[in-house]
Amino acid sequence: MRLSLLADLNTERAARRAAILVTDVASGEQRLVREAQVAGDPLAQELRERIRAGKSGLVEQGDRQFFLTVQTPPVRMVVIGAVHISQALAPMARGVDFDVTIIDPRTAFATPERFPDVPVRAEWPDTILPEIGIDRYTAVVALTHDPKIDDPALAAALRSECFYIGALGSRKTHERRVQRLTASGFTETDLARIHAPIGLDIGAVSPAEIAVSVLAEIVATLRKERRRSA
Amino acid sequence: MLSTDTDILKAAEAWKREGRGVAVATVVETWGSAPRPVGSHLVIDADTNFLGSVSGGCVEGAVITEALDVIADGKPRMLEFGVADETAWHVGLSCGGRIRVYVERVD
């Protein structure tokens, strides 16, 4: 492996971009395929599938065998609202290796005591989200029930490529939310990206059960819908 | 602590930049029950310092020995480890699986 290739791979990873190192097993020949270059690669189909699944592995092409070292950025979950559901959701999300951040401008909610193991930012979403940067490996979950806090976060999420947007609230609440966001210029197609009511319909009752349904929906979206769009 | 493959590959890059001889071992195939998934890395330098894991400790010794040869001659090697369940506790993988490990030098 050339040092420059290794360095490029590390650079891509640090920048939160997916990349695949393709190694010809017989000859040792290698190339780095950045996510943006996948379409032009002879192994495009396979590479796309591998990036979606985030899994390294061997692939045959003709009589040649290639090993694909797949690097995808850690999935992030940005939770708006340091609420009861978030307290259940954060440790579960960490359990499946998500990088979790909690945002809530209400300092009484956003305390380290309530969220001992996750970064909590007591700031308004529109202030802090540009700094965090929402990319396509990010899920945005709005749980405050308060339009003042949720709406700016949803707007930022809709303007980004994030793979999942979910918002807590009944169908009625969501209708009003859609009206507000439409008034601020978002289209029907944009707003269809929001999962609301949030979470899989598993009959969840307690905050922890709702957290399970939200996390399950996010994993399903991460692993399934990306394949459909590929 | 270096716990992820990202950190391990960063260390490989840093070691090489310090002028050390470095090899990267990667799990490329597994059969049966294998302790570390495909894509796991072990990074070795010419003084047998190492980071990461390809088998959770079962075959690292053998991989490191081979890696020293790879660092010396620059030729990548494909290694295969594995044993039947009955003898698993005596040599190799305690879980009875088989793994293939690709070892290459960083140039």
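A residue is termed partly exposed when its relative accessible area lies between the limit for buried, under 20%, and that for exposed, over 50%. In this predicted model, B:Thr48, with a relative accessible area of 39%, is therefore partly exposed. B:Thr48 belongs to the loop that connects β2 (41-45) with β3 (50-52) in chain B, and its phi is positive, about 65 degrees, although the residue is not a glycine. Most residues other than glycine have a negative phi, and most peptide bonds are trans.

In chain A, a positive phi in a residue other than glycine is found at A:Asp97, where the angle is near 70 degrees. A:Asp97 is placed in the loop between α3 (84-95) and β6 of chain A, and this residue counts as exposed because its relative accessibility is 65%. A cis peptide bond, with omega about -5 degrees, links A:Ala196 to A:Pro197, the latter lying in the loop between β10 (194-195) and α8 (207-229) of chain A.

Helix α4 of chain A, which spans residues 125-132, has A:Pro125, A:Ile128, A:Leu129 and A:Ile132 as buried residues. Viewed down the axis of α4(A), these buried residues fall within an arc of 105 degrees and so line one face of the helix. An α-helix has 3.6 residues a turn, so residues three or four places apart point the same way. The buried residues of α4(A) pack against β5 (76-80), β6 (99-103), β7 (120-121) and α5 (147-158) of chain A, whereas A:Pro130 and A:Glu131, on the other side of α4(A), are exposed. The helix is followed by A:Gly133, for which phi is positive, near 75 degrees.

Key:
Residues numbered from 1 in each chain as written. Chains lettered and ligands numbered in written order. Predicted model: local features only at pLDDT ≥ 70, side-chain atom pairs only at ≥ 80, totals over all residues. Heavy atoms only, no water. Buried < 20%, exposed > 50% of the residue type's maximum accessible area, 1.4 Å probe, protein only. Helix = DSSP H or I, 4+ residues; strand = E, 2+ residues; numbered from the N terminus. Arc of directions from axis to C-beta. Contact = heavy atoms within 4.5 Å.
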